[in-house]
2 protein chains.
Amino acid sequence: MTIGDAPNKGAAQLQSEEAIIQRYLAPLAAGFPGALGLKDDCAFAAPSPGHEFVFKTDAIAEGVHFLPDDPPADIGWKALAVNVSDLAAKGARPVGYLMSLAFPSAPTEFWMAEFARGLGEAQAALGIHLMGGDTDRRPGPLSITPMVVGEVPAGRMVRRGAARAGDVICVSGTLGDAALGLRLRQEPGLARGWGLDAGRAGSLVGRFLRPQPRLGLSAPVLAHAQASMDVSDGLMKDLGRMCRASGVGAIVEHALLPVSVAFARVRQVDEAATAAALFAGDDYEILTAVSPDRVAAFLAGARDAGTIVTRIGRFTANGDVVLHDQAGQVMPLSATGWDHF
Amino acid sequence: MTIGDAPNKGAAQLQSEEAIIQRYLAPLAAGFPGALGLKDDCAFAAPSPGHEFVFKTDAIAEGVHFLPDDPPADIGWKALAVNVSDLAAKGARPVGYLMSLAFPSAPTEFWMAEFARGLGEAQAALGIHLMGGDTDRRPGPLSITPMVVGEVPAGRMVRRGAARAGDVICVSGTLGDAALGLRLRQEPGLARGWGLDAGRAGSLVGRFLRPQPRLGLSAPVLAHAQASMDVSDGLMKDLGRMCRASGVGAIVEHALLPVSVAFARVRQVDEAATAAALFAGDDYEILTAVSPDRVAAFLAGARDAGTIVTRIGRFTANGDVVLHDQAGQVMPLSATGWDHF
């Protein structure tokens, strides 16, 4: 904002779908020829030679996936990031997306400009372009439904259900940060009780507001992973899904679960919160099954891509998913402070 | 329902997303290998050799695009049909779709079974398969957001913005029936005032509840149309969009607008309603610009596909969209009883 701008500049509401599309969304489609500047009814695209497309849709809604006062630029970022995270887990490269927007009332110019800015930042960071979409006014929470398209070499999409007994369980980054960040968004006073300075509290909140899809892992996953999926609903729940889809079980070593410095700090004063966070959602890390003879290459590939990956256990023939303590004993999940499994 | 069924069978609510997916949606994905039985996070697909994909998303929501008491099988049908209509207009062949469902409360078994049945009927009629999706519980109206994927020979998608001055304006089927059908859904007593027997009233309501995408026109459109789009927001509004995108104007001959027998019957007693209906929405007919030397071939191709197509005017170099009466005089739209343009 420059000097002289009215203080409520941008507060005007955008009543016309045409204005929303042409002013704020069409620039996001400018880099994609098949989007036709959002001036057609449909978009078109073909995968690169020898490749096929990978498809995913995950809606985010106010009050469910983001808070009413989350910054609109962060909402735009998140809508794209949580979908691109799935592409990364499949070994795919992002290509484009359609987006269906449902507004309970006409958005303000400010909201729309900021939302589009966040989308634009995500597009630039993730290498994806708007291809088309649909904008509606209807009651209910603000909802954003992107459908993302990525590409993989034909026949090579990495599946969820292909883990084998004996494969190593690996997970990227750190777990639980976003769940703590959400707690801090809802109750900022917690930071003091948790002994976090502004920087550490901010890093946790940032994990909630701006999830970072692990796109750097896409190539190592494609090259080395036996099975892969992203962790969006909590590690144990998503690992359980991978096990059921694969017909295997898993042993997770509790002491190996990767956590951030901020998370470790909170754990010293609030064990229950951190245990819950480990099994809550919004991590957008990547969970993989890797054959023992490929683990070294996978970890090296991840390191080259700037992403830390940690071995946290192994898949078993037995269908159960269990947590082991450092003595190798099964830990009831209740012993971790988490009873919602 | 067979004898012995409890009268409230199917009234139980489906609390689990897993049950909704595996019991009702997975069977709709069975014919599509890249859907992986809806057991993965993503789906994959490639266009046929020499083809590219065409993408479209249009959400439908309760109270906006369908009525709360519309039969759930018809809602399922409509969600797919209104999107496939766009593919037909682009000269594309349907391939698959993702679908994002937002439920304000857990659906009943009956609702979900009927909704899935309608989707299945649409899939069989339209040659398309469920590839994946997302199911959420959130406040607000029941919303269904399909993203459909079709294919066309590479580089051949028929555009909206390619009409030229001198091209003939053609439209498929009959206009205004669905708008009258909606009026009859809202006020069934109108049928008597309009002098419609049950069969004719039912045919109008059917146009509203179960739009029929003109897929048979896909090949003739691809072969002969200069520009094409579907008519979903009313003829004059959508024609205006085609003109703006093409930088041309249009003259529509009012007397040539194709209407059904039932519509003509209503017009005898309620001119205002029928005029409005001609410019209201939900037709899902196909509007094309056809070069004069291709019109005969286009009409013949449409006839072979079992679809009537009518010439209703021509595109002009002047940027205006006007309606002509039988004397060739410009009719103000208000003279048709329609003042919402």
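In this predicted model, helix α2 (residues 72-89) of chain A packs against helix α3 (residues 109-126) of chain A at an angle of about 35°, with the two axes 6 Å apart. Chain A also has a partner: 46 residues of chain B are in contact with 45 residues of chain A. Here is a quick tour of both contacts.

**The helix pair in chain A**
- The crossing of α2(A) past α3(A) is right-handed.
- On the α2(A) side, the contact residues include A:Ile75, A:Trp77, A:Leu80 and A:Val84.
- Facing them from α3(A) are residues including A:Trp111, A:Phe115, A:Leu119 and A:Leu126.
- Sorted by class, this helix contact has 13 nonpolar, 2 polar and 4 charged residues.

**How the two chains are related**
- Chain B can be superposed on chain A by a rotation of 180° with 0.0 Å of shift along the axis, giving an RMSD of 0.0 Å.
- The two copies are therefore related as by a two-fold rotation axis.
- Among the residues of chain B, B:Gly140 comes closest to that axis, with its C-alpha at 1.8 Å.
- Both copies use the same surface, as 98% of the contact residues of chain B recur in chain A.

**Where chain B touches chain A**
- β2(B) provides the largest share of this side of chain B, with 6 residues.
- Other elements giving two or more residues include α2 (72-89), β4 (93-103) and β6 (143-153) of chain B.
- By class, this side of chain B has 24 nonpolar, 8 polar and 14 charged residues.

**Strand pairing across the chains**
- Strand β1 (residues 43-45) of chain A pairs with β2(B) in the antiparallel sense, over 3 bridges.
- Within this pairing, A:Ala43 has B:Phe55 as its bridge partner.

Key:
Residues are numbered from 1 along each chain as its sequence is written. Chains are lettered from A and ligands numbered from 1 in the order in which they are written. This is a predicted model: local features need pLDDT of at least 70, side-chain atom pairs count only at pLDDT 80 or more; totals for chains, interfaces and linings use all residues. Axes are lines fitted to C-alpha atoms, for helices over the stretch in contact, and angles run from 0 to 180 degrees between N-to-C directions. Helices (H or I, at least four residues) and strands (E, at least two) are DSSP runs, numbered from the N terminus. A crossing is left-handed if the near helix is turned anticlockwise from the far one by less than a right angle, and right-handed if clockwise. Two residues are in contact if their C-beta atoms, placed from the backbone, lie within 7 Å. Ala, Val, Leu, Ile, Met, Phe, Trp, Tyr, Cys and Pro count as nonpolar, Asp, Glu, Lys and Arg as charged, and the others, Gly among them, as polar. Copies are superposed by least squares on the C-alpha atoms of residues with pLDDT of at least 70 in both. Two strands pair if DSSP finds at least two bridges between them.
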